[in-house]
Amino acid sequence: MTQNPWTREQSPGPQQPSPSPGPQPDITPRGPSAPQHGVPAPAEDQRLPKFAIPAADTLWWVGVHGGSGETTMSVLLPGTRASNHRWPIPPPPVPTPVILVARTHGSGLRAAQRAAIEWASGVVQGVAVLGLVLIADAPGRLPRVLDDFADIVGGGVPRVWDIPWIEEWRRGEAPTPDNTPDEVFEVLESIYALRASNPADYPAPY
């Protein structure tokens, strides 16, 4: 991830100077950035599966339920990978960075909450959760009860990013800069800046 392909700036040609960098996204954690003592682990049947990866060499999207949008996120940010609803576990000592992905319907938010609790309990060793992406499940504003629940779920992870409803994607069009709204560019720029700033220094138990 040496270059961010999702930027409104045009890449400079061979003879052009590089453009001046714009304002940097705020990547300060808003919630806990490491597992917490005293958080009870979910029951075994409420946990996400795990699979081994050879090294912590990329950012993984962990969709916490089917249809969460983890594959879409991996397309949006090339060089990242979708985990197929599993925790990617590298060998010690370096943890792999992951971002949880969920839809904003009730079952999606509950699945995100379970995954956040699982991570917070410390039973998932070798991952560093950077935050949660919430992808709108329908056009328009969330109902108040879901909006409030999303705030509760988001309080259990370091950061939350929101992806709006995009009709072109619903119709099956592949995500491109032309059919991607500014809100998504802002999310991708923030995640790219976060991943590039300190890719392996996030705390994780081993």
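1. Which residue's side chain meets that of Glu44 in a salt bridge? The partner is Arg47, and the N to O distance between the two side chains is 3.3 Å, where a salt bridge is taken as a side-chain nitrogen of Lys or Arg within 4 Å of a carboxyl oxygen of Asp or Glu. Glu44 counts as exposed because its relative accessibility is 61%, whereas Arg47, at 26%, counts as partly exposed; the classes used throughout are buried for under 20% relative accessible area, exposed for over 50%, and partly exposed in between, with a 1.4 Å probe and protein chains only.

2. A word on the basis of these values is in order. The model is predicted, so that local features need pLDDT of at least 70 and side-chain atom pairs count only at pLDDT 80 or more, while totals for chains, interfaces and linings use all residues. Residues are numbered from 1 along each chain as its sequence is written, and side-chain values use heavy atoms, with hydrogens and water left out.

3. By the salt-bridge rule given above, the count comes to 4, and one of these joins the side chains of Glu167 and Arg170 at 3.4 Å, N to O. Glu167 and Arg170 are separated by about one helical turn, because they are 3 residues apart in helix α4 (residues 167-170); helices here are DSSP runs of H or I with at least four residues, strands are runs of E with at least two, and both are numbered from the N terminus. Glu167 is partly exposed at 32% relative accessibility, while Arg170 is exposed, with a relative accessible area of 59%.

4. A further salt bridge brings together the side chains of Glu173 and Arg171, at 3.3 Å from N to O. Glu173 is partly exposed, its relative accessible area being 36%, and Arg171 is exposed at 53%. Side chains of opposite charge can pair when their charged atoms come close.

5. The backbone also deserves a check at two prolines. The peptide bond leading from Pro92 to Pro93 is cis, with omega near 5°, and Pro93 is found in the loop between β4 (87-89) and β5 (96-103).

6. Asn84, with phi near 60°, lies in the loop between β3 (81-82) and β4, and is partly exposed with a relative accessible area of 48%. His85, with phi near 65°, also lies in the loop between β3 and β4, and its relative accessible area of 24% makes His85 partly exposed.
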